[in-house]
Amino acid sequence: MDTTSNDLSHLFKQLGLPHDQEGIDDFVIQNKLAKHTLIIDADCWNPGQKAFLKEALLEDAQWSEVIDQLDVMMRSKL
């Protein structure tokens, strides 16, 4: 049984990104998504990150809800 916490901090850690609140906030501010851009098509991902996100969303994996949360954050106006 996988006991990994499914939150933004752990998602960012999984993606190899700064995973403290300041790092998450900075990432979101610097990487806003255009209205019709899918999160997996954003320019900010390297190939490995993109593959992880795509697989998680396609399989409706444990991360999909958190990725959806990140998608909303990257589209919001701060």
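1. The side chain of Gln49 reaches the backbone oxygen of Leu15 at 2.7 Å. This is a polar contact (N or O atoms within 3.5 Å; within protein, one able to donate a hydrogen and the other to accept it, with residues adjacent in sequence counted only if both atoms are side-chain atoms). The model is predicted: local features need pLDDT of at least 70, side-chain atom pairs count only at pLDDT 80 or more, and totals for chains, interfaces and linings use all residues. Residues are numbered from 1 along each chain as its sequence is written, and side-chain values use heavy atoms, with hydrogens and water left out.

2. Gln49 sits in helix α3. Helices here are DSSP runs (H or I, at least four residues), numbered from the N terminus. Its relative accessibility is 8%, so Gln49 counts as buried. The cut-offs are under 20% relative accessible area for buried, over 50% for exposed, and partly exposed in between (1.4 Å probe, protein chains only). Setting aside neighbours within four places in sequence, Gln49 is in contact with Leu15, Leu17 and Cys44. Contact means heavy atoms within 4.5 Å.

3. Three residues of α3 are buried: Gln49, Leu53 and Ala56. They lie on the same side of α3, because they cover an arc of only 70 degrees around the axis. The arc is taken from the directions between the helix axis and the C-beta atoms. The cover over these buried residues includes α4 (64-75). On the face turned away from the buried side, α3 carries the exposed residues Pro47 and Leu58.

4. Both ends of α3 deserve a look. At its start, a side-chain oxygen of Asn46 comes to within 2.9 Å of the backbone nitrogen of Gly48. After the helix comes Asp60, with a positive phi near 50 degrees. Asp60 has this phi although it is not a glycine. The residue is in the loop between α3 and α4. Asp60 is exposed, with a relative accessible area of 60%.

5. Ser64 belongs to helix α4. Its relative accessibility is 9%, so Ser64 counts as buried. The Ser64 side chain reaches the backbone oxygen of Ala61 at 2.9 Å. Apart from neighbours within four places in sequence, Ser64 is in contact with Ala56 and Leu57.

6. Which residues of α2 are buried? They are Gly23, Ile24, Phe27 and Val28. Their arc around the axis is only 130 degrees, which puts them on the same side of α2. This buried set packs against α1 and α4. The face of α2 turned away from it carries exposed Gln21, Glu22 and Gln30.

7. The structure holds three aromatic pairs. One is Phe12 with Phe27, edge-to-face, at 5.3 Å centre to centre and 90 degrees between the planes. The pair links distant parts of the chain: Phe12 is in helix α1 (residues 8-14), Phe27 in helix α2 (residues 21-30), 15 residues apart. Rings of Phe, Tyr and Trp (its six-membered ring) pair if their centres lie within 6.5 Å; planes under 30 degrees apart are stacked, over 60 edge-to-face, the rest tilted. Phe12 and Phe27 are both buried. Together with Trp45 they form one aromatic cluster.

8. The largest nonpolar core has 20 residues; Leu11, Phe12, Ile39, Trp45, Ile67, Leu70 and Met74 touch the most other members. Each of α1, α2, α3 and α4 supplies at least two residues of this core. Helix α4 gives the most, with four residues. Such a core is a set of buried Ala, Val, Leu, Ile, Met, Phe, Trp, Tyr and Cys residues joined through side-chain atoms within 4.5 Å.

9. Leu11 is found in helix α1. At 0% relative accessibility, Leu11 is classed as buried. Not counting residues up to four places away in sequence, Leu11 touches Phe52, Trp63, Val66, Ile67 and Leu70. Leu11 and Leu38 are 27 residues apart in sequence, and their C-alpha atoms are 18 Å apart in space.
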